[in-house]
Amino acid sequence: MSIIHNKKAFHDYFIEERYEAGIVLEGWEVKAIRAGRAQLKEAYIIIRKGELYLIGCHISPLKTASTHIHPEPVRTRKLLLHAEEIKRLIGKVERAGYTLVPLDMHYKAGRIKLETGLAKGKKQHDKRETEKRKEWERERQRLIRAK
């Protein structure tokens, strides 16, 4: 079951491979995500010292959050993957043109997971071509329904 979907990633990148990662979260963050108060639009993933980190993911704290903590909405969060997957991703990201982008945040067995994608950036003409193809599919569906 998807919580948050990053539509901008599909507009800006060609997604070549997908990986599912766990996220290190605090208690107030889990409650806020369950309430639908998270955003992946400006988020990206970096590799630092052989580990993956999610940067720019905004999680708005709930008004009923505990008084003894001071929530930081845009803190850096560590991603959890198997060591072999991390090594494979590091090798692919170091090649020119590849990056890691967050695609989807969802539940799996009661835990919150992040689907990440190994992506290559789209040029402006690729974005226009994708938009034309989507528009044609919509128009084709309208014509089929009209008949």
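**Ground rules**

Helices (H or I, at least four residues) and strands (E, at least two) here are DSSP runs, numbered from the N terminus. This is a predicted model, so to speak of local features takes pLDDT of at least 70 and side-chain atom pairs count only at pLDDT 80 or more, while totals for chains, interfaces and linings use all residues. Residues are numbered from 1 along each chain as its sequence is written, and side-chain values use heavy atoms, with hydrogens and water left out.

**Val101 in β8**

Let's start with Val101, which sits in strand β8. Val101 is buried, at 5% relative accessible area (buried is under 20%, exposed over 50%, partly exposed in between; 1.4 Å probe, protein chains only). Setting aside residues up to four places away in sequence, Val101 touches Ala9, Tyr13, Ile15, Ile45, Glu115, Thr116, Gly117 and Ala119 (contact means heavy atoms within 4.5 Å).

Leu54 is 47 residues from Val101 along the chain, yet their C-alpha atoms are 9.0 Å apart.

**Helix α2**

Helix α2 covers residues 27-34, and its buried residues are Trp28, Glu29, Ala32 and Ile33. Looking down the axis of α2, these fall within an arc of 135 degrees, so they line one face of the helix (the arc is that of the directions from the helix axis to the C-beta atoms). Gly27 and Lys31 are exposed on the face turned away from that buried side.

The cover over the buried residues includes β1 (2-5), β7 (77-80) and β8 (98-108). Just after α2, Gly36 has a positive phi of about 80 degrees.
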